[in-house]
Amino acid sequence: MFFCGIFPSQYDVYVPRGDTIRSSLGFNHPNSFGGYCLYILISFLLFFYSTGRLQNLKKISNLFWFLLMFITGFFIEFVYADSRSSQVAFILIVLLIIPLVFNKNIKSFKPLLGIFILLIMTLTSVMVVFYYNPFSTFFVKLNDLTSNRLFLQNEAFKVFGFNLFNVSDFAQGNPIWVDNQYVYNLISTGIIGSLIYTYIYAKSFVNAHKANCYILYIVLIALIFKGSFESTLIDYYALLPIICSFFMVNKISMKQ
């Protein structure tokens with residue numbers, strides 16, 4: 001629809017990053033484009049795994065679709081959208097899926113590993129922003145690497161702060177964007193809301209382990225790292241892995 005000129009011209013978004021031109025191809029931002037495509041890939045992997053196709057890549061048709069999805073995903077994430085958060089998640093999924101290709105009976109990790117990574121990422125994100133110092137060489141370089149995210153998150157802390165429940169006058173992008181899921185949770189939903197989110201995500205690791213779903217477990221790990229660059233893990237399309245984990249543990253068949 002984008003190439004046929006059906007989308008309005010305002011969705012023809014090209015965002016530069018240094019010498020790189022990033023295209024959204026009809027989405028409102030290249031990061032949105034990369035994010036949606038990443039979750040299409042995740043949906044494909046969950047479907048392929050639940051139907052046994054991922055464990056049987058010796059079959060030519062299965063291998064064809066598997067390679068097609070990953071080559072297309074690579075092209076979108078690294079050439080068109082150039083979304084670093086989706087790239088990090090994509091790379092982690094590719095690296096962690098390799099053992100499954102060679103051992104179709106590989107078991108899911110223990111829940112403690114995923115929960116530990118989640119807690120470390122959450123605490124690190126909050127502490128780095130809380131102690132951000134614009135005069136420190138370390139923080140200046142880190143802020144440059146994250147495209148000014150640390151500075152904006154620190155400003156949000158100064159302007160809105162946080163409390164037990166939520167900050168009623170905080171709205172994403174009005175006037176400050178908070179591109180970190182864990183910092184965003186703390187400001188927008190407070191300590192209680194942040195703890196609830198952390199508990200639900202941690203419970204998803206427990207569910208994935210109980211269902212012995214290796215692919216879901218590694219997807220949840222990859223998304224933790226994506227959340228350190230964007231606050232999109234609570235968007236409706238991003239809840240698919242969490243919802244799947246609760247379906248699986250309630251003994252609904254993986255094929256369903």
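**Close-up views of a predicted model**

Helix 1 supplies 4 residues to the lining of the largest pocket, the largest share of that lining. The model shown in these views is predicted.

**View A. The largest pocket and its lining.** The space in the largest pocket amounts to about 700 Å³. Its lining consists of 27 residues. Those nearest the centre of the pocket are His-29, Asn-31, Ser-32, Trp-177 and Asp-179. Two or more lining residues come from each of strand 1 (14–17), helix 1, helix 3 (84–102) and helix 6 (149–160). Sorted by class, the lining of the largest pocket holds 11 polar, 9 nonpolar and 7 charged residues.

View B. Glu-230 sits in the loop that joins helix 8 (214–226) to helix 9 (240–249). Glu-230 counts as buried because its relative accessibility is 5%, and the cut-off for buried is under 20%. Its side chain makes a polar contact with the side chain of Lys-226, at 3.1 Å. With neighbours within four places in sequence left aside, the residues in contact with Glu-230 are Asn-31, Ser-83, Ser-85, Arg-149, Asp-179, Asn-180 and Gln-181.

**View C. The largest cavity.** The structure contains 1 cavity of 30 Å³ or more. The volume of the largest cavity is about 30 Å³. Its lining is made up of Tyr-197, Tyr-201, Leu-223, Leu-233, Ala-238, Pro-241 and Ile-242. Helix 7 (181–210) and helix 9 are the elements that give two or more residues to this lining. By class, the residues lining the largest cavity are 7 nonpolar, with no polar and no charged residues.

**View D. Asn-56 in its loop.** Asn-56 is placed in the loop between helix 1 (30–50) and helix 2 (60–80). Asn-56 has a relative accessible area of 37% and is therefore partly exposed, since that class covers values between the buried limit of 20% and the exposed limit of 50%. Between Asn-56 and Met-1 there are 35 Å in space, C-alpha to C-alpha, and the two are 55 residues apart in sequence.

Definitions and conventions. Residues numbered from 1 in each chain as written. Predicted model: local features only at pLDDT ≥ 70, side-chain atom pairs only at ≥ 80, totals over all residues. Heavy atoms only, no water. Buried < 20%, exposed > 50% of the residue type's maximum accessible area, 1.4 Å probe, protein only. Polar contact = N/O pair within 3.5 Å; in protein donor to acceptor, adjacent residues only side chain to side chain. Contact = heavy atoms within 4.5 Å. 1 Å grid on protein atoms, 1.4 Å probe; cavity = no way out; pocket = protein on both sides within 12 Å on 5 of 7 lines; lining within 4 Å. Points joined across faces, edges and corners; volume = space filled by probe spheres on them. Nonpolar A, V, L, I, M, F, W, Y, C, P; charged D, E, K, R; others polar.
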